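Let's walk through this structure together, one feature at a time. Keep the picture open as you read.

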Number of protein chains: 2
Amino acid sequence: MERSPLARPFPQLPAIAGATPRIARAGYKNWGRCDLTYVELDEGTAVAGVFTKNICCSSEVELGREQVKLGRARALIVNAGNSNAFTGYRGREAVEAIMVEVATHMGCEPSDVFVSSTGVIGVPLPTDKAREGLAKVFHAEPCSWEEAANTIGTTDTFAKGAHASAMVGDTRVEFSAIIKGSGMIAPDMATMLGYVFTDANVAPAFLQQCLSAINEETFSCITVDGDTSTSDTVLAFATGKAGNEEITGPDSPGADAFAAALADVCRQLSHLVVRDGEGAQKFIEIAVTGAKSDESARRVGLAIANSPLVKTAIAGEDANWGRVVMAVGKAGEPADRDRLSIGFGGVWTAKDGQPLADYDEAPVAEHLKGQDVRIDVDLGMGDGRATVWTCDLTHGYITINADYRT
Amino acid sequence: MERSPLARPFPQLPAIAGATPRIARAGYKNWGRCDLTYVELDEGTAVAGVFTKNICCSSEVELGREQVKLGRARALIVNAGNSNAFTGYRGREAVEAIMVEVATHMGCEPSDVFVSSTGVIGVPLPTDKAREGLAKVFHAEPCSWEEAANTIGTTDTFAKGAHASAMVGDTRVEFSAIIKGSGMIAPDMATMLGYVFTDANVAPAFLQQCLSAINEETFSCITVDGDTSTSDTVLAFATGKAGNEEITGPDSPGADAFAAALADVCRQLSHLVVRDGEGAQKFIEIAVTGAKSDESARRVGLAIANSPLVKTAIAGEDANWGRVVMAVGKAGEPADRDRLSIGFGGVWTAKDGQPLADYDEAPVAEHLKGQDVRIDVDLGMGDGRATVWTCDLTHGYITINADYRT
């Protein structure tokens, strides 16, 4: 698969004390590459997670949802090439076998072992291949975050990573994060597996509180095709090795800086997924203001972002505000045609429900030729606001998805 | 635009006593074809209508919603080439000017004149062109329903008509119906203008009751791209010229036969719109059973029908039940992964949440190569059922929509 034109270079990611990635080849598919990722986590690592809301979710997600409630993690396993979704009790047994195997190796509880799988649906994960892969990966040399990012990928066209740091009191804490995902991305976090590793010392409950809130403004505000995977997962692991005083709540010293840095990496990661949207040629930011509430603004934004007519218009570099109007109207949120204003690249093309005859078309046309497109929508109803991100809908999307399995 | 491979020949439609179509060229766009349709309706014609739920609807829709409450019609005007939507008070004035002009000609009330417009959004309908067009069309020779069907079309690749008849007591009543629409089709009736003409004698209230109920199982069960137009309208006109005893309610003689024939033409019309879906190569029927309720089944069906991943899989002739599972799961309706069964072309490929290893792949592959594809989904939760219709998502859709205005 050709590298996305919107790709970003993989950043310099620091090692995180207490989190050691390793990779191996389990051979889940008939390919030469590594497809099993193992991150060993030192004792005392806190964990938080957010998961797909798809009702037909995988066993990995069902188990993960329960495990994060315990708040502690010792290992992460990611299988690429087989999602193990829609595989009934055999799928669940395969995950549990991996958890036991890793727990035995680590000397921890099976519930400390987090497993994710991504790839084809409906084929139970082969436990023999998993076992052989684990035997290899336990003894593999530690690898870089970039190698891990490449190993968790499936249809991704580039490795995705993000970095942030924060001062917590006098202590500098680091965040290194990786993610995979390119299609089937929608709010409720589609085929997306994201992992944030930090050496910060933070209580699991506060880590979860931060991640859940940040999720609403990052992973839940991106969409590629409106479809929602059965396996989506974002986990944040905090090893505590930085040695800062434990952050236990919003009033702890450094809590704000910690949360801001976590939000920063999550925002970076979510944008990278859109930048690898299947067939994407343009990265689209949609800012909705003047809604009755923030949640209403987000729904309107997503209705626009998921509209095939809007997405194809942007692909065609057409400032087609009529399609934006249509998408606002179908969102079912409070709106008034005659108060609606729409702009492209910072230039209003329609105000108060009517097109502006005299707007300057040249900068708008120029803006739409670029790779980064901005759409502003003001509903004129209230103070609610939200920003969502998507990509355009192109021939590339059809080519990739009409010929996936064969 | 090339004729859709799923097109159907225009049927033989009988003249309807009391409903006389005429066409002319108003020149709403710079084209040589007729773009103004006028159907004169005799006194005593009953009318019913269903309209888009898009909040940003056109003035035509706003007015039409009020007019159908009065239940009587004397004329229908359809403008093609300019939708007059998102044009504020000037758009509304243009519609009211047409209503007055036609009412003066007919000697009726302006509220007896129904106006629809379809085409580009955001440009007020030019009243001078409308006036010139009306002057011509008032004196034009009556035309055939096929000519009228061609005149109301915009991006349509073939003229669409449907016929039915029913015995009401001893009286045979006829239905001749036309429709336009090809993209932006979704429940809540996207860019779709449909008109049913019958010579039956029926009370407006019962006509509306029938049409509203039928709409739920026909026009509200089709989708091309999930987008919803600002102008969608389906109107049914009953001239009463057949001379049957007036049908006033479900217990009137012939009421069942009348309703069944009306449902038949509406079903035909709705399927024709899907068959002209932008870029469509395959007509897809999705039958959902075992839902908690009929409404729940319809929502699940539409989630599948609107999934770009399902639609591209069918385009690729791939029995990708995994994507169907995903779409069921994201619908947010009651479902249980482990009770879900999925079939293609009458062959179950997954039962009770797991793929069937031994299903016969040959007939499924053969079925998917055809133009008409059937997907069965059983949720195993209850007795709710619904059938929805859509088309596949192909390169043709992208080509048409990424280069529409330019």
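There are zero disulfides over all chains, a disulfide being a pair of cysteine sulfur atoms within 2.5 Å.

A word on the model: it is predicted, so local features need pLDDT of at least 70 and side-chain atom pairs count only at pLDDT 80 or more, while totals for chains, interfaces and linings use all residues. Residues are numbered from 1 along each chain as its sequence is written, chains are lettered from A in the order in which they are written, and side-chain values use heavy atoms, without hydrogens and water.

Now find the sheet in chain A. Seven strands form an open, mixed sheet in the order β8-β15-β10-β14-β11-β12-β13 (strands are DSSP E runs of at least two residues, helices H or I runs of at least four; two strands pair if DSSP finds at least two bridges between them). β8 (222-223) and β13 (354-355) of chain A are at the edges with a single partner strand each, so one side of each has no neighbour in the sheet. Further in, β11 (residues 341-344) and β14 (residues 372-378) of chain A run antiparallel, joined by four bridges, and A:I342 stands opposite A:V377 in β14(A).
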